[in-house]
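Please find below my note on the structure under review. It is set out as numbered points.

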Amino acid sequence: MDLENQNRVKEAVDKYGAENIIVLLGGGEAETAGLAAETVTAGDPTWAGPLAGVSLGLKVYHALEPEFKESVDAGVYDEQIGMMEMVLDVDAITSEIKNIRDEYTQYK
């Protein structure tokens, strides 16, 4: 997650409170999505950005996870994301995000 997005997340938390924020990721690789998820839950693991050492514990999901898919209009999901389900490693991505969420998320 780049420094600008880290700053946006931090500003949203300051304005609305961490318990009111859900981060939705869309990265195409499990490792990349996992790093972003870790950044908004446990803090920036690279120690390079505004969230370095800042454990926000935010709720985080990936757009390919069933929890998200089931919460949006099926037609819109299929049109915007459906194709990606066929070309990405959905199991690896969803497993990575779930593991990080289970370990670090403070808000259920």
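1. The model is predicted: local features need pLDDT of at least 70 and side-chain atom pairs count only at pLDDT 80 or more, whereas totals for chains, interfaces and linings use all residues. Residues are numbered from 1 along each chain as its sequence is written, and side-chain values use heavy atoms, with hydrogens and water left out.

2. The largest nonpolar core comprises 16 residues, and V9, V13, V23, L25 and L58 have the most contacts inside it. Such a core is a set of buried Ala, Val, Leu, Ile, Met, Phe, Trp, Tyr and Cys residues joined through side-chain atoms within 4.5 Å; buried means under 20% relative accessible area, exposed over 50%, and partly exposed in between, with a 1.4 Å probe and protein chains only. Two or more residues each come from α1 (3–16), β1 (22–25), α2 (30–41) and α5 (90–104), and α2 gives the largest share, 4 residues. Helices (H or I, at least four residues) and strands (E, at least two) are DSSP runs numbered from the N terminus.

3. Leaving aside neighbours within four places in sequence, V13 is in contact (heavy atoms within 4.5 Å) with A18, I21, L56 and L58. A second, separate core has 8 residues, among them A30, L64, F68 and I81.

4. Strand β1 runs parallel to β2 (residues 59–62) and is joined to it by 4 bridges; strands pair if DSSP finds at least two bridges between them. K59 in β2 is the bridge partner of I22. The β-α-β crossover from β1 through α2 to β2 is right-handed, that is, clockwise from the first strand over the helix to the second with the strands pointing away from the viewer.

5. In α2, the buried residues are A30, A33, G34, A36, A37, T39, V40 and T41, and these pack against α1, β1, β2 and α5. Just after α2, G43 takes a positive phi of about 115 degrees.

6. A search of the whole structure finds 1 aromatic pair. The rings of F68 and Y77 form a tilted pair, 6.4 Å centre to centre with 55 degrees between the planes, and both residues are buried. Rings of Phe, Tyr and Trp (its six-membered ring) pair if their centres lie within 6.5 Å; planes under 30 degrees apart count as stacked, over 60 as edge-to-face and the rest as tilted.
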